Amino acid sequence: MELKRIIKFEAERDPEFSRWISHTVGGENIRHCLQCGLCSGNCPLSLYMDYTPRRLMHLSREGFKEEVLRSSSIWLCTTCYNCMVQCPKGINITHLMYALKQRAIEEKLYPKHFAIPVMARQFSRMVRKSGRITESWLIVRVFMRTAFWRLLGMSHLGLKLFRAGRLGLKPEKIERRAEIATLLDSVTAVKKELAL
Amino acid sequence: MTYAYYPGCSLKGTGRAYEESLLAVFRALNVDVRELEDWNCCGATTYMSVDELASYALAGRNLALAARENKDIVAPCAACYLVLNKTQHYVHDYPDIKTVVERSLASIGLTYSDKVHVRHPLEILLNEVGLQAISARVKSPLKGLKVAPYYGCQIVRPYATFDDQLNPTSMDRLLEACGAKIVQYPLKTRCCGGSQKGTLPEVGLDLIGYLLAEAQKRGAEVVATVCPLCQFNLDVFQKEARTDQKSVSIPVLYFSQLMALALGAPANAIGLQRSLVPVTPILAKKEIAYA
């Protein structure tokens, strides 16, 4: 039998993480969280989560960085905004889920070949290059990098969609594509200048 | 008044039937729309998890383009509608975000504007055209076709600009005006799982299953949607979806397809043939005329 201490000592918490979450956009009210559980009760995904939204809010503000960033919950969130519209303290929980996703991607704390960060990266590359998303190619690119065998299994479905005229192979593009790259580079520059 | 029509990427791909039918509805009801010139992807929910500031700038470009045309935007896709609205809220609430959006847009010669109203077709049809005018133009009534109205999440949450966040009724009323019978559908704003079917399939198939099973139990003959991703999930993965029912078979249409049908548009011009779950058997059973 392997025994493990499950309670943490205060000194093991990460105060930087705690500060970060309450200063991030949407987290201004996290200190006021009542732990009422309306968020978890309304979340259609909480059934599948290791830490429900209520627990995640508490763990975040108390600085349990590892637990939070390795939690499956941040990837299960579909951003349906149920929690946020119900929160009596106006905590922008959905937005915090986005912030936690970004932080987990930055710190590379997610399983290998995990589809969500791969999809996010391919999505942003496609937007930068073409200004628009061509869904068919996005799907192909994501599965090439995550679960190639599933792509083969999906060929039947792909054919059906193609026949229904729902999978265009012609890449969608905007006219002034260069504008998008300039715009995105400029965002990076301004962010750096303002230290955001 | 002419609106700047902002289709978004899905309406040019998997959701083509939404565009085809919506434009047919607008034409039949004399709502003047023109596609926003050189619009770009709004970033959807995906871009937010990579770089939220960049996603506000991307949405900001579309708002700036519409401002230059001096038009309001009509955005049928749920994700686009939310992202454009959200950008306006966040630019208004957070000075840093405003600075980033304004300065990055300036680098491509555009000016951010908060004067553009981001509107949804449901709301334009309900408030600008009106139920009476719609009823008066119905050529082929839906003859009591039982419809489960499924709104999904992002049309009404978090910004309930024109309807209730948990119990919206705008689509119910529009379809009733076309002769449909609305069934009580308490899951109308429950999440379909979004892109979860692609990333965490087991979970996605559960969520899709609940929605379909409930619609079937309530006696619905059709599910009506307002979002390209909802329609895709419920239609394309219907066979795989996990439910407590022996089998589920229920066509999933855009609300605009049902309206266009009632307004007399031909079936192939509004993408009825693009649904994987066939639609014509139920139309034949109800003796709803279509060309």
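**Entry 1: ground rules**

I noted that this is a predicted model, in which local features need pLDDT of at least 70 and side-chain atom pairs count only at pLDDT 80 or more, while totals for chains, interfaces and linings use all residues. Residues are numbered from 1 along each chain as its sequence is written, and chains are lettered from A and ligands numbered from 1 in the order in which they are written.

I went back to helix H3 of chain B, which covers residues 52–68 and has 17 residues. From first C-alpha to last, H3(B) reaches 24 Å, close to the 24 Å expected at 1.5 Å a residue; the expected span is 1.5 Å times one less than the number of residues. I then checked burial, where a residue is buried if 20 or more other C-beta atoms lie within 10 Å of its own, exposed if 12 or fewer, and partly exposed in between, with C-beta atoms placed from the backbone. In H3(B), 15 of the 17 residues are buried, so this helix is largely enclosed by the rest of the structure.

**Entry 2: chain B as a whole**

I listed 13 helices and eight strands in chain B. Its radius of gyration is 19 Å, close to the 19 Å that the globule rule gives for 291 residues, so chain B is as compact as a globular protein of that length. That radius is taken over C-alpha atoms, and the rule is 2.2 Å times the number of residues to the power 0.38. Along the principal axes, the C-alpha atoms of chain B fill a box of roughly 60 × 45 × 30 Å. I saw that 62% of the 291 residues count as buried.

Next came contacts, meaning residue pairs whose C-beta atoms, placed from the backbone, lie within 7 Å. Among contacts in chain B with a separation of 6 or more, 79% are between residues 24 or more positions apart.

**Entry 3: two domains**

I found chain B divided into domain 1 (2–119) and domain 2 (139–285), with bounds that come from an automatic or database domain assignment. Their C-alpha centres lie 25 Å apart. The contact between them takes 21 residues from domain 1 and 22 residues from domain 2. On the domain 1 side, helix H1 (16–28) and helix H4 (78–93) of chain B each supply at least two residues. H1(B) gives the most to that side, with nine residues.

**Entry 4: a parallel sheet**

I traced an open sheet of four strands in chain B, in the order E6-E5-E7-E8 with parallel pairing; two strands pair if DSSP finds at least two bridges between them. Strands E6 (181–182) and E8 (252–254) stand at the edges with a single partner strand each, so one side of each is left without a neighbour in the sheet. Helix H12 (residues 255–262) of chain B packs on the sheet and touches E5 (146–150), E7 and E8, its direction making about 75° with that of E8(B). Such angles run from 0 to 180 degrees between N-to-C directions, with axes fitted as lines to C-alpha atoms, for helices over the stretch in contact.

I followed strand E7 (residues 222–225) of chain B, which pairs with E8(B) over three bridges and with E5(B) over four. B:Thr225 stands opposite B:Tyr254 in E8(B), and B:Val147 stands opposite B:Val222 in E7(B).

Which residues cover the two faces of E7(B)? B:Val222 and B:Ala224 lie on one side, B:Val223 and B:Thr225 on the other, and all are buried.

**Entry 5: a covered helix**

I checked helix H11 (residues 228–236) of chain B and found nine of its nine residues buried. Among the partners they pack against are H1, E5, E7 and E8 of chain B.

**Entry 6: chain A and the meeting of chains**

I counted 12 helices and zero strands in chain A. Of its 196 residues, 40% count as buried. I ended where the chains meet: 49 residues of chain A are in contact with 47 residues of chain B. Helices of chain A that each supply at least two residues to this side include H7 (93–106) and H8 (115–130). H12(A) gives the most, with 10 residues.

Definitions and conventions
Two residues are in contact if their C-beta atoms, placed from the backbone, lie within 7 Å.
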